[in-house]
Amino acid sequence: MEIDGVFAGGGLKGFALVGAYQVLEEKGYRFKRLAGTSAGAIIASFIAAGYTGREIETMLDEEDLQTLLDPRKAILPLPFMKWLHLYWRMGLYQGKELEHWFFEKLSLKGIYSFSDIAPGSLKLVASDLTNGKMIVLPDDLVHYGIEPETFSVAKALRMSCGIPFFFEPVRLKVPTGDTIIVDGGVLSNFPLWLFDDKEGNRERPVIGMKLSHRKDEMSRKRIENALHLFEALFSTMKNAHDDQYISRKHEKDIIFIPVDHYSATQFDMDDEHKDELLRIGRLRTTVFLHHWRHARPGYSGF
């Protein structure tokens, strides 16, 4: 069965999205179009490139994720230099190693630019802070004087995954000057709306994968210090836009994967936690499909 898929952001919690994809794949679902933000953009891009669920799991298992963190080298190796870099560079890590890893993995499947993927089959969300707006890649690149088809998929992924203050923002060079691009989750962490037409209709069934409980099941946030405040602020901000769109009507098409208690930036995550995230993703998707397939009119089975 052909469907469209939307994958939410969530950093390293995205391992659960791999488990969800594996179940959909095993049950015979095939994605015609994919969209995602941040971690969801990574999974969507790898699927669009032709990776299977097992291949993505193996790829992530074999990678030492901490090697993707590349702080700038300081002239003076003093602790406060890290914070000076954060102030001037706006991120603890450069993100070059992360982009190189994307390029390396995508190139193994012959994917370099968006011209190597079926037109309209992959859409990634990023945030343009300079102009204060959301951008959908590659579609919106024309507004920056850039040819969408020739743009690097790895670069687009890096733009969508630029967690503020964690990775340095991408500086998109355009005729009007540098444009600062950060994680798409700042403006839309779960772009379920992307495949709706102007009347809100869909060309085919859409399944969304969201790394959280349903809104009415979420617990109150505990805010007792500045770190808690920042986490709550960012969480509220990145979900605000999408919560306006999601209604009871849309919830039936969403696989809610509750992994709120895991860290999005735990690059030293051990195998046990990775396996647990995969397991949660698989379990939640299996339960979802049991209800979803019977709720669809005219459904005839897998």
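## The cavity

Let's start inside the protein: the residues lining the largest cavity come to 15 nonpolar, three polar and no charged. This is a predicted model, so to speak a computed picture from end to end. The cavity holds about 300 Å³ of space, and the count of cavities of 30 Å³ or more comes to one.

Which residues sit closest to the centre of the largest cavity? They are Gly11, Leu12, Ala39, Ile42 and Phe267, out of 18 residues in the lining. Two elements give two or more residues to that lining: α2 (39–49) and α5 (96–107). Both of these helices turn up again below.

## α1 against α2

Helix α2 packs with α1 at an angle of about 35°, and their axes are 9 Å apart. The crossing here is right-handed.

If you want to find the contact on screen, pick out Leu17, Val18 and Tyr21 on the α1 side. Across from them, α2 brings Ala39, Gly40, Ile43 and Ile47. Sorted by class, this contact has six nonpolar residues, one polar and no charged.

## α1 against α3

α1 (residues 15–26) has another partner in α3 (residues 53–62), with an angle of about 155° and axes 8 Å apart. An angle over 145° counts as roughly antiparallel, so that is how α1 runs relative to α3. The crossing of this pair is left-handed.

On the α1 side the contact uses Phe15, Val18, Tyr21, Gln22, Glu25 and Glu26. They meet Gly53, Arg54, Ile56, Glu57 and Leu60 of α3. By class the contact splits into five nonpolar, two polar and four charged residues.

## α5 against α6

From α5, the contact takes in Glu99, Phe102, Phe103 and Leu106. From α6 come Val153, Ala154, Lys155, Leu157 and Arg158. The class count is six nonpolar, no polar and three charged.

Most residues other than glycine have a negative phi, and most peptide bonds are trans. Two spots in this model go the other way. Ser38 is not a glycine, yet has a positive phi of about 55°. You'll find Ser38 in the loop between β2 (30–37) and α2.

The other spot is a cis peptide bond between Leu137 and Pro138, where omega is about 5°.

Notes. Residues numbered from 1 in each chain as written. Predicted model: local features only at pLDDT ≥ 70, side-chain atom pairs only at ≥ 80, totals over all residues. Heavy atoms only, no water. 1 Å grid on protein atoms, 1.4 Å probe; cavity = no way out; pocket = protein on both sides within 12 Å on 5 of 7 lines; lining within 4 Å. Points joined across faces, edges and corners; volume = space filled by probe spheres on them. Helix = DSSP H or I, 4+ residues; strand = E, 2+ residues; numbered from the N terminus. Nonpolar A, V, L, I, M, F, W, Y, C, P; charged D, E, K, R; others polar. Axes fitted to C-alpha atoms, helices over the stretch in contact; angles between N-to-C directions. Parallel < 35°, antiparallel > 145°, perpendicular 65-115°, else oblique. Left-handed = near helix turned anticlockwise from the far one by under 90°. Contact = heavy atoms within 4.5 Å.
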